[in-house]
Amino acid sequence: MKDFVYKAHPARVVFGAGKVLSVAEEVEAIGSHRALVLCTPPQREQAEMVGRLLGSRLAGIHDGAQMHVPIESARKARALAAELGADCAVAVGGGSTIGLGKAIALEADLPIIAIPTTYAGSEMTPIYGLTENGLKRTGKDARVLPRSVIYDPDLTKTLPLQMSLVSGMNAIAHAAEGLYAEDGNPVMSLMAQEGIRALAKGMPKLAEAQDAEDARALCLYGAWLCGTVLGNVGMSLHHKLCHTLGGSFNLPHAETHTIVLPHALAYNSPAAPEAMRQIAEAIGAEDGPIGLHRIAKALGMPTALRELGLMEADLDRACEIALSNPYWNPRPIEAAPLRALLQRAWEGAEPRP
Ligand code: NAD
């Protein structure tokens, strides 16, 4: 058995259908009294519902969350929080909205309560991202970790099926890379396997009946576990490739994760056989990477980067960027097999080690 260091992040998690009703109690539990509710414009209605639940503890609603947290949007939200005298932020939404909450927490020291409505997992990590002059910088800071997280599967029912599925794959990606992380530990591996298992069981059920309560609960439970893994151990080639494709070619976050994951795992499979066995077992397939690719295909998710509008001519540059400042990876990252990986992901071919 490999030596390890285990360190957990402090976070309070409240899980269950209807648990959004306890949002005012959560505000009190973290010692706050006036909450600024954050959302994107399409989720304004959900944010207003949360606002009504907060009653006199509501400082205001700000629907200015945007993808990749532009620095101007963070400055605006920080100024509004100060103007309204808010002493905490309640982020209702996916990674973009929680990211805005983190940007406020970073500079204004405002604690966050997160109410995630996708499976991206940002609520369980101390990682933040800010975009300035077209460049996204990321960092780690304990102040951005939400103090309390309400996982209410009812709030995910409005997430369209296709977005739910690719978001589920995004979550699986965190757990899959956590299984071979350099700084991995047995507790995170247990969470990773259980997270993948829950999502692999929940996603086909969602595809059958989008508002099935047990499927929504299973997927959100899996997303919590996978997000915890993301927040606690380092990520490798797969996440580097997705950051490259998202950052430099503006490809959509969860869809890119869905397409690249089987190929990145296949690349790493010779160097991480135990992780591949665990993934295969969790999804009930003979082979982890091929199994994930087939799940994506069977459920109608995108499986080729060309479907996202990436040009074949961009693959060389994507390969070069991914080779610069690589993350730690179980298998050395070499140009020729990496370029072949990108080609297969672009075409939508089955993954091959
Ligand atoms: P998102 O937050 O950008 O949401 C996409 C769209 O879906 C938005 O318009 C949003 O309002 C809408 N939406 C979300 N939940 C909904 C619901 N239940 N019903 C209806 N509409 C809903 O997407 P995401 O995939 O959750 O987050 C992606 C972003 O989060 C990326 O920028 C990524 O880098 C970041 N992220 C950060 C971390 C971290 O640890 N810092 C982790 C994961 C993702």
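Which residues does Thr-156 touch, not counting residues up to four places away in sequence? In this predicted model, Thr-156 touches Thr-117, Tyr-119, Arg-216 and Leu-220, where contact means heavy atoms within 4.5 Å. Local features need pLDDT of at least 70, side-chain atom pairs count only at pLDDT 80 or more, and totals for chains, interfaces and linings use all residues. Residues are numbered from 1 along each chain as its sequence is written, and side-chain values use heavy atoms, with hydrogens and water left out.

**Overall architecture**

- The protein chain contains 13 helices and eight strands; these are DSSP runs numbered from the N terminus, with helices being H or I of at least four residues and strands being E of at least two.
- A compact globule of 353 residues would have a radius of gyration near 20 Å, and the protein chain agrees, with 20 Å; the radius is taken over C-alpha atoms, and the globule rule is 2.2 Å times the number of residues to the power 0.38.
- Along its principal axes, the C-alpha trace spans about 60 × 45 × 40 Å.
- Of the contacts in the protein chain with a separation of 6 or more, 76% are between residues 24 or more positions apart.

**Surface and burial**

- Buried residues make up 57% of the 353 residues; buried means under 20% relative accessible area, exposed over 50%, and partly exposed in between (1.4 Å probe, protein chains only).
- The protein chain exposes about 14500 Å², of which carbon and sulfur atoms supply 53%; accessible areas come from the Shrake-Rupley method with a 1.4 Å probe, and for residues only the protein chains shown count as cover.

**Aromatic pairs and a charge over a ring**

- Rings of Phe, Tyr and Trp (its six-membered ring) pair if their centres lie within 6.5 Å; planes under 30 degrees apart count as stacked, over 60 as edge-to-face and the rest as tilted.
- By this rule there are three aromatic pairs.
- One of them joins Phe-15 and Tyr-151, whose ring centres are 6.1 Å apart with planes at 40 degrees, so the pair is tilted.
- Because Phe-15 lies in strand E1 (residues 12-15) and Tyr-151 in strand E8 (residues 148-151), this pair ties together parts that are 136 residues apart in sequence.
- Phe-15 is partly exposed at 31% relative accessibility, whereas Tyr-151 is buried at 0%.
- Phe-15 also pairs with Tyr-221: the centres are 6.5 Å apart and the planes lie at 85 degrees, so this pair is edge-to-face.
- Tyr-221 belongs to helix H7 (residues 213-232), 206 residues from Phe-15, and is partly exposed at 26%.
- Phe-15, Tyr-151, Tyr-221 and Trp-224 form one aromatic cluster.
- Elsewhere, the charged end of Arg-331 sits over the ring of Tyr-267, 4.0 Å from its centre; the criterion is NZ of Lys or CZ of Arg within 6 Å of the ring centre and within 35 degrees of the ring normal.

- Helix H5 (residues 161-178) has 18 residues and should span 26 Å at 1.5 Å a residue; its end C-alpha atoms are 26 Å apart, which agrees.
- The expected span is 1.5 Å times one less than the number of residues.
- In H5, 15 of the 18 residues are buried.
- Thr-156 lies in the loop between E8 and H5 and is buried, with a relative accessible area of 0%.

**Met-124**

- Met-124 is placed in the loop between strand E5 (112-116) and strand E6 (127-132), and counts as buried at 9% relative accessibility.
- Leaving aside neighbours within four places in sequence, Met-124 has contacts that include Val-13, Val-149, Tyr-151 and Trp-224.
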